[in-house]
Amino acid sequence: MSASDDLTVSGMRRRRRARRYEACRESYGDGVIEVRDISKRFGSVEAVTKLSFDAHPGRVTGFLGPNGSGKSTTMRCMLGLDIATSGTARFAGLTYREITTPLHSVGSLLDAGYVHPGRTGRNHLRWMAMSNGIDDRRVDETLGLVGLSDAAGRRVKEYSLGMRQRLGLAGVMLGDPDIVMLDEPANGLDPEGIRWIRDILTHLAREGKTVLVSSHLLAEMSLMADDLVVIGRGRLIEQSSVADFVARHSATWTRVSSPMLERLMSELGGAVQRVVRHGETSADLHGINTAEVGELAAVHGIVLHELTTMHDSLEDAFLRLTAGAQEYATAPTPIAAPPAVNSPPVVPPAPGSAAGGTMLPPPSPPPAPPPAPTSASPNGPEGAA
Amino acid sequence: MIDLLRSEWFKLRTVRLNLWLPALAVGGLVLVTSLVAVLTPDAEFLDATDLTAVIGGFSILVSMMIGVTTSLGITSEFNHDTIRPTLAATPQRQRVFVAKAIVSAVFGFLVGTVGAVASYGLGAILLSSRDGEVALSGDDGTLETMFGVVVLAVLLALFGFGVGLLVRNGPAAVSLVVLWPLLIESIIGGVLSVARVDEPQQYLPYTSAFTLVTPENSEPGRLYGGVFFGLVAIALVVLGSLVNGRRDV
């Protein structure tokens with residue numbers, strides 16, 4: 001007997017669900033997220049101010065901002081959980097409230113803690129599935145996908161935070177939605193779990209789904225995101241691709257290693273704006289590029305072991321861009337780093353930084369301070385000698 | 001809507017507390033009725049009116065327990081923030097609250113029915129074995145009392161849900177469900193009595209609903225008490241739905 005010949009109640013129910021599911025998928029069309037002029041005010045505090053951005057199918061869009069910048073509030077407003085003071089968010093042309101069974105079109109995970117601790121993991125997914133007419137078999141499938149099959153019968157209060165994140169992600173994938181929205185999904189996950197989340201999200205994007213993900217793990221974001229939406233104090237600071245963002249906002253410098261470093265330094269003279277030494281044979285040179293250093297070394301017969309263009313990581317660029325937009329900032333704390341020595345003409349240190357040391361971003365400096373020297377987390381070489 | 005009702009019913013029955021509280025209440029009702037049937041010295045003089053009086057009196061506590069359960073059901077959604085995935089799965093808030101109210105009422109109906117049938121059935125068997133006459137009858141109001149047990153359970157289930165939806169806080173909602181008749185309406189009734197208002201019970205919805213489970217047709221009457229309290233319970237649900245339709249969750 002074929003599925004269409006199944007005249008039992010459960011068979012008819014399955015066919016009705018399948019028709020509804022297909023109707024939903026067709027009506028939602030492509031999966032563009034359009035946020036337009038969303039504002040949200042809590043009493044006298046304006047948490048989000050006229051925020052607009054787009055997220056497109058086939059791309060992971062990173063939603064970045066310092067703590068308290070309004071990322072979670074924006075996501076709650078997009079889903080209609082917080083009532084936006086003004087503005088709209090549309091998912092493939094529909095507001096969230098216009099979608100009758102949203103798990104088929106928009107999967108969201110705002111916090112892995114939004115689970116009743118006394119309910120089992122499987123039952124948590126089952127009530128979600130029932131509410132949107134999703135078959136119970138899909139529950140077991142998604143539990144398998146997130147690696148929770150063995151723990152599905154345990155109460156959620158016995159789950160670790162990482163297991164709750166996996167359960168939350170199972171809920172996101174329950175209806176195989178075209179749009180995925182996640183707020184800090186890597187929270188509480190171990191490195192393997194973080195990598196797993198990254199692989200899942202990039203896989204979903206490759207399948208053509210729209211992925212909007214907020215995270216404070218900027219290194220992870222740089223490995224995962226195609227586009228960035230950066231906000232600060234509830235306002236849009238920038239929307240662009242990751243590559244454009246880093247290119248526009250990150251500082252570059254030249255790393256050189258040479259057994260004849262002292263001689264190289266004296267030959268460079270005033271051509272270098274600032275020098276950060278790393279031991280006897282290595283230094284970061286600001287204000288001069290690799291070609292200039294290489295040519296000068298060749299002219300004077302100086303042996304080079306390394307000659308690399310370094311640039312800031314996404315994290316450095318992000319911190320620099322949002323430095324003035326942090327609601328709660330730490331006081332400058334120096335991180336141990338080799339002091340600068342043998343500096344030719346040294347530019348005064350950036351606000352909040354010490355010569356030769358790496359500093360956390362200043363609390364509220366004026367816009368875009370000059371790049372602080374950093375020896376940490378370079379985003380990789382572009383050329384080497 | 002059917003899917004939503006199934007989902008809400010599933011949520012209600014997959015939390016242990018929602019099973020233990022009514023089981024405890026119904027168990028208590030059956031136990032008390034059985035003890036009365038077994039321990040009363042002159043069983044042959046005990047009739048259906050006496051038995052339903054016992055069941056009706058204790059059923060007030062059972063119904064309160066049902067109200068506590070439904071109020072905890074909705075407040076736990078807010079306390080554990082599960083209301084967010086609930087409304088993310090079904091963003092039409094009024095549909096969610098209507099489904100929850102229906103499920104609460106059905107829950108009250110089932111627990112009230114089980115309590116009434118089990119307690120009366122066991123009491124009747126025990127008393128019959130001791131030559132008691134305990135046949136239910138429409139003439140002496142005993143049948144109405146047993147129906148009243150079920151209706152009161154349904155109304156208190158709705159009342160508990162409505163209170164919980166409005167206050168969104170578990171301890172506050174439970175306190176209100178339990179203390180409303182004992183404290184709030186006692187004070188209001190006292191004030192009305194001092195003010196020499198005739199039949200002050202007719203202005204006290206919760207207390208007037210107790211006439212549903214009173215064997216003799218006492219003032220202000222079963223129908224009045226049931227309708228008055230029912231309207232209050234529905235008003236609380238509607239008000240809670242409207243307020244939460246505009247609130248951040």
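This is a predicted model: local features need pLDDT of at least 70, side-chain atom pairs count only at pLDDT 80 or more; totals for chains, interfaces and linings use all residues.
Visitor: In chain A, what share of the contacts with a separation of 6 or more comes from residues 24 or more positions apart?

Guide: The share is 69%, counted among contacts in chain A with a separation of 6 or more.

Visitor: How many helices and strands does chain A have?

Guide: Chain A has eleven helices and 16 strands. The chain has 385 residues, of which 52% count as buried.

Visitor: Is Ala297(A) buried or exposed?

Guide: Burial is judged by relative accessible area, with buried meaning under 20%. Ala297(A) has 1% relative accessibility, so this residue counts as buried. Ala297(A) lies in helix H10(A), residues 290-299.

Visitor: Which residues does Ala297(A) touch, leaving aside neighbours within four places in sequence?

Guide: Ala297(A) is in contact with Leu264(A), Ile302(A) and Leu304(A). For a sense of distance, take Gly133(A): it is 164 residues from Ala297(A) in sequence, and the two C-alpha atoms are 71 Å apart in space.

Visitor: Why is helix H2 of chain A described as largely enclosed by the rest of the structure?

Guide: Count the buried residues. H2(A) spans residues 71-78, and seven of its eight residues are buried, so the helix is largely enclosed by the rest of the structure. The buried residues are Lys71(A), Thr73(A), Thr74(A), Met75(A), Arg76(A), Cys77(A) and Met78(A). After H2(A) comes Gly80(A), with a positive phi near 75°.

Visitor: In chain B, how do the axes of H3(B) and H5(B) cross, and at roughly what angle?

Guide: The axes of H3(B), residues 48-79, and H5(B), residues 93-128, come within 10 Å and cross at roughly 155°. An angle over 145 degrees counts as roughly antiparallel, and therefore H3(B) is roughly antiparallel to H5(B). The crossing is right-handed.

Visitor: Which residues make the contact between H3(B) and H5(B)?

Guide: From H3(B), they include Leu51(B), Ile55(B), Ile66(B) and Ile74(B). From H5(B), they include Phe107(B), Gly108(B), Val111(B) and Gly112(B). The residues of this contact divide into ten nonpolar, eight polar and two charged.

Visitor: Why might contact residues on a helix be spaced three or four places apart?

Guide: An α-helix has 3.6 residues a turn, so residues three or four places apart point the same way. On H5(B), Lys100(B), Ser104(B), Phe107(B) and Val111(B) are among the contact residues.

Visitor: Where in chain B is confidence lowest, and where is it highest?

Guide: Chain B averages a pLDDT of 88, and 96% of its residues score at least 70. Confidence is lowest in helix H8(B), residues 205-209, at a mean of 84. The highest is in helix H4(B), residues 83-89, at 94.

Terms used: Residues are numbered from 1 along each chain as its sequence is written. Chains are lettered from A and ligands numbered from 1 in the order in which they are written. Side-chain values use heavy atoms; hydrogens and water are left out. Axes are lines fitted to C-alpha atoms, for helices over the stretch in contact, and angles run from 0 to 180 degrees between N-to-C directions. Helices (H or I, at least four residues) and strands (E, at least two) are DSSP runs, numbered from the N terminus. Angles under 35 degrees count as roughly parallel, over 145 as roughly antiparallel, 65 to 115 as roughly perpendicular and the rest as oblique. A crossing is left-handed if the near helix is turned anticlockwise from the far one by less than a right angle, and right-handed if clockwise. Contact means heavy atoms within 4.5 Å. Ala, Val, Leu, Ile, Met, Phe, Trp, Tyr, Cys and Pro count as nonpolar, Asp, Glu, Lys and Arg as charged, and the others, Gly among them, as polar. Buried means under 20% relative accessible area, exposed over 50%, partly exposed in between (1.4 Å probe, protein chains only). pLDDT is the predictor's confidence in each residue, from 0 to 100.
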